[in-house]
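Morning, everyone. Let me put the structure up, and then I'll walk through its disulfides, its core and its open spaces.

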Amino acid sequence: VKFEVWMPTQNWSGDFVPAGSSFWGGPIPFARMREVLKTGAVTVGTNLGIEGFTGPSFVMDHPEKLENLKMDPLHAVVERAKTLMGTFYGSGPKFTVMNECGGGGSRDVMAMVQRFPSDLDAAVAVNFTNYGTRHGVSQMWLHDATHRSADAFIPASKLPMLHKAVLNACDMNDGVKDDIIENPKQCKFDPAVLQCKGGDSADCLTAGQVGSVRRIYQMPRHAKTQEGIYGPMEPGSELGWADMIGGPDPYRYSLAYYPYMVYKDPTWTYSKKPANFDTDIDRSESPSNVAINHTNPDLSGFVKRGGKLLLVGGWVDDLPPQNVVSYYENVVRTMGADRVGDSVRLFMVPGMHHCFGGIFPGAYQVDFDPVQAVRNWKTTGKAPDQIVVTTSATGWPTRKRLVCAYPNVSKYKGSGDTGDPANFTCSKP
């Protein structure tokens, strides 16, 4: 295992912010470490002992290295970094926090709070990928939905038309017409309303395309057991589907995942061996593969020592976001709402795509400092029930939005500026 510790020679803030890795290890995360160092914090990064690889191809010759993705290497280098800080500064860190989004970084956060609860004082995981075995299969579900047959394919040119129809059906559910769906789970939309009355055209969906949209909105399921395996794409996310469903090949993670983690065949292609949603899932969750999963909902060790965990998801993310919601709900069921309430919070941000970012007009770029939020939480002991995000997108006015701790949603009070969070309230969906 290789690692580097970077320590400011002057004006150390007292913070220690370990840097998350790439999903499959490989390079030390220097780019993330640079970001952290600029804040005045100490940081550490590691290759997780998987040198020279940027994907899972190492499992062909070194399957034992999958065990490193349980994050024992990160735990080890965090301990060593704290020792070095004590020697260099004469004291250890005052506040240790991880703040990561997506890919390997957020997976690392979830591993640390589950397996090494004494390493961090607080943690932020945004759009986290902690269920890697099912993440790969769920991406394949989206690709397969539009590639099972020629009539199932949906061209990217039809996605704006579909998105507009969804907004027409559900945008006003929160009392405000702003081209954002506050709570996609309450959106009732049947794509059959767009089915072509005659031949195929740009402003309608063929019967095969209607079936594909319905499948994309469905939770991926094990073909034999019908167990839900991950989460669907949510209403309102349609403009982000093109990368997932439009190309001849599956999306990037799934394209790398299937040959090495499912079939153990580097020559695999979708056209040669299409997806099978019973055997694929069973192969994916082989005993060796589950090392990449960090789904334990029992956070007692982290909570008992006063740890604070902020979870954030974007409702129009294409990971998709239900995985974030499902994990939080499992934590509440396992530990009880009272124990979770002071230590774990989930915020689902309407219109947000990935990592506080948007990818199309109306999908918000979100300005919010999650580290400051968990610092205040840790200092005051008061868990946040609501946050205010400043949102903007190209061609759209900058505005503020009230976001409520899940499962509550933000609703307009009925009067006043709809860009002022004071005119909204948090309530049950």
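Start with a definition: a disulfide here is a pair of cysteine sulfur atoms within 2.5 Å. Keep in mind that this is a predicted model.

How many disulfides does a search of the whole structure find? Four. Number the bonded cysteines in sequence order and the pairing reads 1-6, 2-3, 4-5, 7-8.

Take Cys170 and Cys187. Their sulfur atoms sit 2.0 Å apart, and they form a disulfide. The torsion about that S-S bond is about 80°, so this disulfide is right-handed. Cys170 belongs to helix H5, while Cys187 is in the loop between H5 and helix H6, residues 207-217. The two are 17 residues apart. Buried or exposed? Cys170 is at 1% relative accessibility, so it counts as buried. Cys187 is at 9%, and the cut-off for buried is under 20%, so Cys187 is buried as well.

Next, Cys196 and Cys204. The S to S distance is 1.9 Å. Their torsion is about 90°, so this link is right-handed too. Both cysteines are buried.

Now Cys101 and Cys355. Here the sulfurs are 2.1 Å apart. The angle about the S-S bond is -95°, and the link is left-handed. This pair connects distant parts of the chain, 254 residues apart. Cys101 is in strand S4, residues 95-101. Cys355 is in the loop between strand S7, 344-349, and strand S8, 365-367. Cys355 has 33% relative accessibility, so it counts as partly exposed.

Phe356 has a relative accessible area of 15%; the cut-off is under 20%, so Phe356 is buried.

On to the core. The largest nonpolar core has 88 residues. Among those with the most contacts inside it are Trp24, Leu162, Trp241 and Tyr258. Which helix gives the most to this core? Helix H5, residues 159-170, with seven residues. Apart from that core lies another, of 25 residues, including Val349 and Ile387.

Leu162 is then in contact with Phe189, Leu194, Leu205, Val213, Tyr217, Glu238 and Trp241.

Next, helix H8, residues 252-262. Eight of its 11 residues are buried, so the helix is largely enclosed by the rest of the structure. The buried set includes Tyr253, Tyr257, Tyr258 and Tyr260. What do the buried residues of H8 pack against? Helix H4, 132-145, and helix H9, 279-284. H8 is followed by Lys264, which has a positive phi, near 55°.

H8 comes back in the pockets. The largest pocket holds about 370 Å³ of space. It is lined by 20 residues, and the closest to its centre are Gly103, His135, Tyr251, Tyr253 and Leu319. H4 and H8 each supply at least two lining residues. H8 gives the most, with three. By class, that lining has eight nonpolar, nine polar and three charged residues.

The second largest pocket has about 220 Å³. Its lining includes Asp15, Arg32, Glu35, Asn99 and Arg375. Helix H1, 30-37, and helix H13, 370-380, each supply at least two of the lining residues. H1 has the largest share, three residues. The classes here are four nonpolar, two polar and four charged.

A search of the whole structure finds two cavities of 30 Å³ or more. What lines it? Asn173, Asp174, Glu182, Asn183, Gln186, Val409, Ser410 and Lys411. That lining divides into one nonpolar, four polar and three charged residues.

That's the tour. Over to you.

Technical notes. Residues are numbered from 1 along each chain as its sequence is written. This is a predicted model: local features need pLDDT of at least 70, side-chain atom pairs count only at pLDDT 80 or more; totals for chains, interfaces and linings use all residues. Side-chain values use heavy atoms; hydrogens and water are left out. A nonpolar core is a set of buried Ala, Val, Leu, Ile, Met, Phe, Trp, Tyr and Cys residues joined through side-chain atoms within 4.5 Å. Buried means under 20% relative accessible area, exposed over 50%, partly exposed in between (1.4 Å probe, protein chains only). Helices (H or I, at least four residues) and strands (E, at least two) are DSSP runs, numbered from the N terminus. Contact means heavy atoms within 4.5 Å. On a 1 Å grid over the protein atoms alone, a cavity is a set of points where a 1.4 Å probe fits but cannot get out, and a pocket is an open set with protein on both sides within 12 Å along at least five of seven lines; lining residues have an atom within 4 Å of a point. Grid points are joined across faces, edges and corners, and a volume is the space filled by probe spheres set on the points. Ala, Val, Leu, Ile, Met, Phe, Trp, Tyr, Cys and Pro count as nonpolar, Asp, Glu, Lys and Arg as charged, and the others, Gly among them, as polar. Lists of a residue's contacts leave out its neighbours within four places in sequence.
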